[in-house]
Amino acid sequence: MSTPASDVIAVLAEPNRRRILDLLKDGERPVGELVDELGLTQPAVSKHLRTLRDAGLVEARADAQRRLYRIRPEPLAELDAWLASYRRLWSVSLDRLDRHLEEGAS
């Protein structure tokens, strides 16, 4: 079952969660590295990771004594697909602005 786009947006509204995703976009990392990079406490990072995991945005796997987290791209792809229609509106508006500016310049 997928997470609705509105739920993904609500989860991503928190800046530290976006920072965690930014750190994970190049590959999986243990919690300790995330704590060091973010300058947050381990409980705070774990709380954000739990929220991201509940929304399906990250997943973890065990590696000996540590857990490695990585991004699950599926919810982000669904959000991107939803935003695509709005991106087209923006593109049309920019095209109209370009035409208007070109007509004004001549």
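Take D95 to begin with. Its relative accessibility in this predicted model is 38%, so D95 counts as partly exposed, since that class sits between the buried limit of 20% and the exposed limit of 50%. D95 belongs to helix α5. Now look for D63, which is 32 residues away from D95 along the chain. The C-alpha atoms of these two residues are 51 Å apart.

That distance brings me to the overall dimensions. Along the principal axes, the C-alpha atoms occupy a box of roughly 70 × 30 × 20 Å. As for burial, 27% of the 106 residues are classed as buried.

Next, the secondary structure. How many helices and strands does the protein have? There are five helices and three strands. Going along the sequence, their order is α-α-β-α-α-β-β-α.

I will take the strands now. Strand β2, residues 58-63, pairs with β3 in the antiparallel sense, and six bridges join them. These two strands make a hairpin, with two residues between them. In the turn, A64 has a positive phi of about 60 degrees. Strand β1, residues 29-30, also pairs with β3, which covers residues 66-71; that pairing is antiparallel and has two bridges.

Now the helices. Helix α1 is residues 5-12 and helix α5 is residues 73-105, and their axes approach to within 10 Å. At what angle do the axes of α1 and α5 cross? The crossing angle is roughly 110 degrees. Angles of 65 to 115 degrees count as roughly perpendicular, and α1 and α5 are therefore roughly perpendicular to each other.

Which residues meet where α1 contacts α5? From α1 there are A5, V8, I9 and L12, and from α5 there are P75, L76, L79 and W82. By type, the residues of this contact are eight nonpolar, no polar and no charged.

A last figure concerns contacts across the whole protein. Of those between residues at least 6 apart in sequence, 49% join residues at least 24 apart.

That is what I have; we can go back to the picture for discussion.

Technical notes: Residues are numbered from 1 along each chain as its sequence is written. This is a predicted model: local features need pLDDT of at least 70, side-chain atom pairs count only at pLDDT 80 or more; totals for chains, interfaces and linings use all residues. Side-chain values use heavy atoms; hydrogens and water are left out. Axes are lines fitted to C-alpha atoms, for helices over the stretch in contact, and angles run from 0 to 180 degrees between N-to-C directions. Helices (H or I, at least four residues) and strands (E, at least two) are DSSP runs, numbered from the N terminus. Angles under 35 degrees count as roughly parallel, over 145 as roughly antiparallel, 65 to 115 as roughly perpendicular and the rest as oblique. Contact means heavy atoms within 4.5 Å. Ala, Val, Leu, Ile, Met, Phe, Trp, Tyr, Cys and Pro count as nonpolar, Asp, Glu, Lys and Arg as charged, and the others, Gly among them, as polar. Two strands pair if DSSP finds at least two bridges between them. Buried means under 20% relative accessible area, exposed over 50%, partly exposed in between (1.4 Å probe, protein chains only).
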